Amino acid sequence: MAAVLKILSPGILASLQDEGRQGYAGFGVPRSGAADSLSLQLGNALVGNTPFETAIEFRFLGPKVIAEGGRIRLGLAGDVTAEHKFADSGESIAIKPWQSLTLDDGDVLAVDPLKDGATGYLTVEGGFDLAPVLDSCSTYARARLGGVNGLPLQAGDKIQTKQLHPQDGLERIVSDPISTLTKTIRVLAGPQDDYFSEVEISKFIGGHYKVSSDVDRMGIRLEGPELEPLPEKGSDLISDGIVPGAIQVPGSGQPIILFVDCQTIGGYPKIGVVITSDLPLLGQLVPGNEICFQLVSLEEAQAARKARKSELERAISSIQDYFGEGVMDLKALYEVNLIGGVVNASLTGHFPGHLEGGTNEKN
């Protein structure tokens, strides 16, 4: 039987997430899924999984877990460190960001608070043994869908893994990880940008907004320049469809970026929509961050998506064996040409001005 990962402490807002529920918005079911899909994919690549294998997502502070019933290989994704405590010796070692590690039966991993950003992931080699709900294992707590009992992870939860025997070999590390921290969020105009004058749109694009304390997987409230709709339009409309990344402007005039757990319809005008390639960046915003918006065309959004894909592929290709701190990487050493050149000191001409004719011509 495969090992179990037990939650000793869930940290903050830890939940199980994958790619999310695609195609159910028409039934009122939010997409959910990873808040930072780039980090999830890179973390899964670190342990040899498919890109969107279900992982533990945590916000701000990671969980403390223990392996029970066997060995489990984990991947730590995000700018976050951890402490691995060995059951047999009681000793502990520090785990670097973007590194894999293997827990033996009884070993404990305690994930530290994130240094930068808001979201990190624990991926597990082979994935968790979960029953999908509406084609996804993602947790949507407001409707108690997916995950473990449809809720954020709790102390005492046990999650069965699929991998009977983790693969042997060295641990792995992402030597050139992708960054999902930014101060600029790119948007497409609309679909209700006609509710705002050019002056208000310029205020939205040119203004600086601060992420408020009211931020979660459903939405990100901003504080900054107030936006006023045209008098004949107002702040209300007949409810229409919403997707993650839509930027609503309610009566307060303060924009709200709707996120992965957002509702499927809404009745406030949407001045813009965050482009697909920048959606993962929203998952790393913390209260107090300052951001600004950049308006782009559809063609620029498509180019950005291709560029982001290439960036992720580059990061995945940088994954390499990790030998530990202070240990010589013999494989890398053997692959490097340590000889820069060979000379024959007995021949003249090899050291101009020094050994010509056996004498130093400068003397």
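Is C262 buried or exposed? In this predicted model, in which local features need pLDDT of at least 70, side-chain atom pairs count only at pLDDT 80 or more, and totals for chains, interfaces and linings use all residues, C262 counts as buried because its relative accessibility is 3% (buried means under 20% relative accessible area, exposed over 50% and partly exposed in between, with a 1.4 Å probe and protein chains only). Residues are numbered from 1 along each chain as its sequence is written, and side-chain values use heavy atoms, with hydrogens and water left out. C292, at 19% relative accessibility, likewise counts as buried, and the structure holds 0 disulfides, a disulfide being a pair of cysteine sulfur atoms within 2.5 Å.

The structure holds 4 aromatic pairs (rings of Phe, Tyr and Trp, the last by its six-membered ring, pair if their centres lie within 6.5 Å; planes under 30 degrees apart count as stacked, over 60 as edge-to-face and the rest as tilted). One of these joins Y24 and F27 in a tilted arrangement, with 6.4 Å from centre to centre and 50 degrees between the planes; Y24 is buried at 18% relative accessible area, whereas F27 is exposed at 69%. The rings of F204 and F293 are stacked, because their centres lie 4.6 Å apart and their planes meet at 25 degrees. Since F204 belongs to helix α2 (residues 198-206) and F293 to strand β21 (residues 290-295), this pair ties together parts that are 89 residues apart in sequence; helices (H or I, at least four residues) and strands (E, at least two) are DSSP runs, numbered from the N terminus. F204 is buried, with a relative accessible area of 2%, and F293 counts as buried at 3%. Together with Y209, F204 and F293 form one aromatic cluster.
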